[in-house]
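I opened my notebook for a first look at this one. Here is what I had on screen.

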Amino acid sequence: MNSSILGLHHITAIANSAKRNYDFYTQVLGLRMVKKTVNFDDPTTYHFYYGDEKGTPGTLLTFFPWEGIGPGRNGIGMATEIGYSVPKGSLDQWAERFRKLDVSMGERTERFNETILPFSDPDGLALTLLATNQAENPAVWETAEVKRDMATQGFHSVTLTLQNIEATAKILTDVLGYRQLAQEGNRYRFQTDAVSTASIVDLLEEPEGILGRNAAGTNHHVAFRVTNEAIQMEFREKILESGLQITSKINRDYFFSLYFREPGGVLFEIATDNPGFMVDEPLAELGSQLKLPRQYESSRSKIEQGLPPLDTN
């Protein structure tokens, strides 16, 4: 059993409209709605999980769609870009698709000898597609318009923007087991060798940058993956020994979580693989029904009436 951090587990972001968010990620990007639930701390809003067929950790982008929250601002102290791996040769298809669907898209460029295609979702969340040699994900999700030859394979990387990277880099290397791989200008790349996918964290150092503000179009937190709770608690001790504060273990129904804020201000989570997303839905039905945390089940009717319709049928 691997006792390391296994790269990224999920990334959670904020949206301004549940319906618009759902349409973009399931129809435009072609991700699977793996789980449709509500925010543990605010059951008046959804919590969406998008990923591959099985909801494999390392493919999961999740959202709190707070209706009408308004735009946030990317900046210092937050995760500012999410990178997805896509098959070699598929960027032309994606660029054509984005043009056809009027998706905001930047120019292709090179980063660490990889071609990237930057784009953003309807709230302005910064995303990139990277044509990589990453091994094909056998659980890749296909739709009528996004076939296997272009479908996202899961995360490639996440970028954190910081005023100074030194203390954050030390947490990545000394606590979480990453190593510095390369540097291009003010971008520093760190990677874990424990996995071949979702393994990269880039630190972007901007000493004169503006502080970010969380709202729609920004990332809320970044979750790192461990196999189980025993390994998770070993990392909790390491984090405490490093001088940082960390929460107790929290049951999120589909995984167990610990939260801490790294020295640069980004909220980190350590999340387990167990028990997974099929604990309350079979594989074929993932994401098809609204699933509520146990404490809210008695209020289901009221909660369902208050949530915005998605018109998914």
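My entries on a sheet, its helices and one tryptophan follow.

I'm working with a predicted model, where local features need pLDDT of at least 70 and side-chain atom pairs count only at pLDDT 80 or more, while totals for chains, interfaces and linings use all residues. Residues are numbered from 1 along each chain as its sequence is written, and side-chain values use heavy atoms, without hydrogens and water.

**The sheet.** I traced an open sheet of 8 strands with mixed pairing, in the order β6-β7-β8-β5-β9-β12-β11-β10. Its edge strands are β6 (109-111) and β10 (179-184), each pairing on one side only. Strands here are DSSP runs of E with at least two residues, helices are runs of H or I with at least four, both numbered from the N terminus; two strands pair if DSSP finds at least two bridges between them.

I then checked β5 (residues 78-87) and β9 (residues 155-162), which pair in the antiparallel sense over 6 bridges. Glu81 stands opposite Thr159 in β9.

**The helices.** I found α3 (residues 166-175) packed on the sheet, touching β9, β10, β11 (187-191) and β12 (200-205). Contact means heavy atoms within 4.5 Å. Helix α2 (residues 91-100) lies across β5, β7 (114-120) and β8 (126-132).

**Trp66.** Is Trp66 buried, partly exposed or exposed? I noted it as partly exposed, because its relative accessibility is 24% (buried is under 20%, exposed over 50%, partly exposed in between, with a 1.4 Å probe and protein chains only). Trp66 sits in the loop between β4 (60-65) and β5. Leaving out residues up to four places away in sequence, Trp66 touches Ile14, Ala15, Asn16, Asn39, Asp42 and Thr45.

Terms used. Axes are lines fitted to C-alpha atoms, for helices over the stretch in contact, and angles run from 0 to 180 degrees between N-to-C directions.
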